[in-house]
Amino acid sequence: MKRNTNFILREIAGENILVATGKAAQVFNGMITLNEVASFIWSNIDECKTLDKLIASILEKFDIDEETARKDVESFTTELIRMGMVVE
């Protein structure tokens, strides 16, 4: 997996916001506010490349059990892929 480079993460007024740029801005209106874990996922998705590596990174950084981490990562990355923000 890797991020679509037409989407960037910005901090605006203390909030982490995912913003469409370039061609993506023509088809995706709006912004997505990300919580701390979602921001971490977005920022590390290129490095980790697989769900298992991403989950392992989350387990190292956050106080969360593996089952919850796996469920959240799978759900969030599925939505990112569906919206074209992440490509497999």
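## Exercises on a predicted fold

The protein chain has four helices and five strands, where helices (H or I, at least four residues) and strands (E, at least two) are DSSP runs numbered from the N terminus. This is a predicted model, in which local features need pLDDT of at least 70, side-chain atom pairs count only at pLDDT 80 or more, and totals for chains, interfaces and linings use all residues. Residues are numbered from 1 along each chain as its sequence is written, and side-chain values use heavy atoms, leaving out hydrogens and water.

**Exercise 1.** Find the aromatic pairs and describe their geometry and setting.

*Solution.* Start with the rule: rings of Phe, Tyr and Trp (its six-membered ring) pair if their centres lie within 6.5 Å; planes under 30 degrees apart count as stacked, over 60 as edge-to-face and the rest as tilted. This gives two aromatic pairs.

Phe7 and Phe28 have ring centres 5.7 Å apart and planes at 75 degrees, so this pair is edge-to-face. Phe7 sits in strand 2 (residues 7-12) and Phe28 in the loop between helix 1 (22-27) and strand 4 (31-34), so the pair links distant parts of the chain, 21 residues apart. Both Phe7 and Phe28 are buried, meaning under 20% relative accessible area, with exposed over 50% and partly exposed in between (1.4 Å probe, protein chains only).

Now turn to Phe40 and Phe62, an edge-to-face pair with 5.4 Å centre to centre and 90 degrees between the planes. Phe40 belongs to helix 2 (residues 36-48), while Phe62 is in the loop between helix 3 (51-61) and helix 4 (66-82), so the pair ties together parts 22 residues apart in sequence. Phe40 and Phe62 are both buried.

**Exercise 2.** Is Lys61 buried or exposed, and where is it found?

*Solution.* First locate Lys61: it is found in helix 3. Then check its relative accessibility, which is 54%, so Lys61 counts as exposed.
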